[in-house]
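Hello,

Here is the structure I promised to pass on to you. Please open it alongside this email and have a look around before reading my notes below.

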Amino acid sequence: MVERRKSIKVNEALKRVIKYAPQGSIHYIPIHQSYGHFLGDDLVADHPIPPFDRSPYDGFAVRSKDTEAAASTHPQNYEVIAEIGAGSVFTGKVGKMQAVRIMTGAQVPNGCDAVIMFESVKEYEACGKRYIQIKRRLQQGENISFTGEDAKSGEVLAKKGTYISPGIVALLATFGYKQVPTSKKPTVGIIATGSELLELDEEIQPGKIRNSNAYMVQSQVIRAGGEPYYFGQFSDHFTACFEQVKQALDQVDILITTGGVSVGDYDYMQDIYKELGAEILFNKVGMRPGSVTTVAKKTGKLLFGLSGNPSACFVGFELFTRPAIRKFLHAFHPLLKKETAILGADFSKPNPFDRFVRGRLTFHQGKLVATPIGLDKSNVVSSLGAANVFIEFPAGTRGYKQGSEISVILLDDM
Ligand SMILES: Nc1nc2c(c(=O)[nH]1)N[C@H]1C(S)=C(S)[C@@H](COP(=O)(O)OP(=O)(O)OC[C@H]3O[C@@H](n4cnc5c(N)ncnc54)[C@H](O)[C@@H]3O)O[C@H]1N2
Ligand code: MOO
Ligand SMILES: [Mg+2]
């Protein structure tokens with residue numbers, strides 16, 4: 001008799017995954033490798049930015065009070081007593097009706113409180129001295145980038161768990177993080193099962209197909225922030241698969257298998273979990289595709305039994321494995337990122353369960369538009385290439401018209 005499985009809701013399944021998903025350790029890595037990791041600690045400004053009052057222009061630094069009388073009909077003259085480029089500091093004293101020639105990025109000399117651009121002054125020489133002429137009054141603080149106006153000392157500029165984007169790398173460099181505290185990426189083992197699977201360089205044979213899941217899942221792991229480790233593909237033999245799963249689990253933080261999770265005669269994954277002594281968190285979810293997605297836990301590690309069907313495998317990974325990887329990484333937002341979009345085409349199927357339709361999200365006249373792509377079956381591979389979202393059709397609904405507001409899950413969420 002075929003086993004009857006108890007189906008649970010997607011949210012409940014996700015709750016169980018998040019509850020048991022472990023978190024990884026924090027370690028230091030060189031800054032040039034930090035892009036794409038997650039911050040393992042708050043990024044705190046340990047000094048103000050800019051660290052000194054500086055000039056945002058190439059021009060002349062003056063004392064604004066010396067320009068009080070300046071007007072187009074009444075130009076004032078200032079002696080240029082020094083010249084400083086970025087990186088140099090003028091340590092002398094700037095006196096009444098004096099100016100310092102200053103370049104963008106240089107520290108404003110003590111006593112000066114305004115900068116005027118080259119283009120706004122007239123330069124001339126007299127008796128071997130250099131002068132400028134100013135024809136308007138300058139405000140105190142005019143054209144000065146003040147100490148701390150960009151970031152104050154002690155300010156938390158990015159919280160632990162923030163994704164390290166190129167902008168975060170700029171901040172890390174600004175504050176001297178040659179080594180960056182990051183969450184260790186989980187090693188995610190991948191095992192493909194199926195006696196029908198051909199290696200990629202094998203010719204197509206009757207009844208056989210090439211193994212696409214293993215490679216698809218490896219790239220999904222990388223996109224989610226994990227480190228994939230591929231153990232290879234194995235025929236549907238209980239002992240061989242059991243031994244491989246058992247060995248692999250010792251070597252990784254998270255283990256993914258594809259195929260063999262349904263109720264077929266050669267679907268051994270449930271038996272493997274049993275033999276391992278793993279506790280099954282769920283083995284049926286009220287969703288399509290991916291209803292057979294199974295998650296088990298063993299000695300603090302999660303085992304994801306993803307479907308063999310490519311689209312079901314893809315969806316099962318994004319819905320359940322990605323959040324577990326993000327939790328391992330201490331990500332600030334481990335859960336899926338959603339947006340509201342306008343449906344780009346009619347979707348007439350009934351939805352007796354939560355449906356996750358591969359879709360393409362685009363902008364149209366300032367709005368997000370999500371359009372289902374191609375074939376919507378769980379065994380297809382052709383609609384995966386163009387998908388950048390899942391369009392969510394909740395259980396108990398039917399007949400969505402083009403233009404309806406729908407919720408989408410972002411696949412490229414960083
Ligand atoms: N009697 C029932 N039959 C099925 C049920 C059910 O509830 N009762 N569920 C169906 C659903 S839904 C799905 S999804 C599949 C899940 O099957 P498995 O996860 O057990 O996967 P397999 O049987 O091993 O393979 C399914 C399908 O996918 C192809 N496959 C497998 N591995 C790969 C790979 N690495 N790359 C590409 N394609 C792969 C395989 O050849 C099969 O065609 O079960 C339904 N059946
Ligand atoms: O697990 Mo299946 O994908 O629902 O078609
Ligand atoms: Mg099967």
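**A cavity and its lining**

Let's start inside the protein: Thr193, Ser235, Asp236, His237, Cys241, Gly260, Tyr266, Tyr268, Met269 and Ile272 line the largest cavity. Please keep in mind that this is a predicted model. Sorted by class, the lining of this cavity has five nonpolar residues, four polar ones and one charged one. The volume of the largest cavity is about 40 Å³, and a search through the whole structure turns up one cavity of 30 Å³ or more.

**Ligand 1**

Next, find ligand 1. Which residues come nearest to ligand 1? Of the 22 residues around it, the answer is Glu196, Asn211, Gly260, Ser262 and Gly308. You have met Gly260 already, in the lining of the largest cavity. The shell around ligand 1 is made up of six nonpolar, 12 polar and four charged residues.

- The side chain of Asn211 has an N or O atom 2.8 Å from a nitrogen atom of ligand 1.
- At Ser212, a backbone N or O atom is 3.1 Å from a nitrogen atom of ligand 1.
- At Ser262, a polar backbone atom lies 2.9 Å from an oxygen atom of ligand 1.

How much of ligand 1 does the protein bury? Taken alone, ligand 1 exposes 870 Å², and the protein buries 69% of that. The space that ligand 1 takes up is the largest pocket.

**Ligand 2**

Ligand 2 also sits in the largest pocket. Around ligand 2 you will see Met287, Arg288, Pro289, Gly290, Ser291, Val292, Ala312 and Ser378. By class, this shell has four nonpolar residues, three polar ones and one charged one.

**The domains**

Finally, zoom out. The protein is divided into domain 1 (10–25 + 187–328), domain 2 (27–49 + 153–183), domain 3 (59–134) and domain 4 (340–405). Taken over C-alpha atoms, the centres of domain 2 and domain 4 are 37 Å apart.

Enjoy exploring, and write back with any questions!

Best wishes

Methods. Residues are numbered from 1 along each chain as its sequence is written. Chains are lettered from A and ligands numbered from 1 in the order in which they are written. This is a predicted model: local features need pLDDT of at least 70, side-chain atom pairs count only at pLDDT 80 or more; totals for chains, interfaces and linings use all residues. Side-chain values use heavy atoms; hydrogens and water are left out. Domain bounds come from an automatic or database domain assignment. A residue is near a molecule or strand if one of its heavy atoms lies within 4 Å of it. On a 1 Å grid over the protein atoms alone, a cavity is a set of points where a 1.4 Å probe fits but cannot get out, and a pocket is an open set with protein on both sides within 12 Å along at least five of seven lines; lining residues have an atom within 4 Å of a point. A molecule sits in a cavity or pocket if more than half of its atoms lie within 2 Å of its grid points. Ala, Val, Leu, Ile, Met, Phe, Trp, Tyr, Cys and Pro count as nonpolar, Asp, Glu, Lys and Arg as charged, and the others, Gly among them, as polar. Grid points are joined across faces, edges and corners, and a volume is the space filled by probe spheres set on the points. A polar contact is a pair of N or O atoms within 3.5 Å; within protein, one must be able to donate a hydrogen and the other to accept it, and residues adjacent in sequence count only if both atoms are side-chain atoms. Accessible areas come from the Shrake-Rupley method with a 1.4 Å probe; for residues, only the protein chains shown count as cover.
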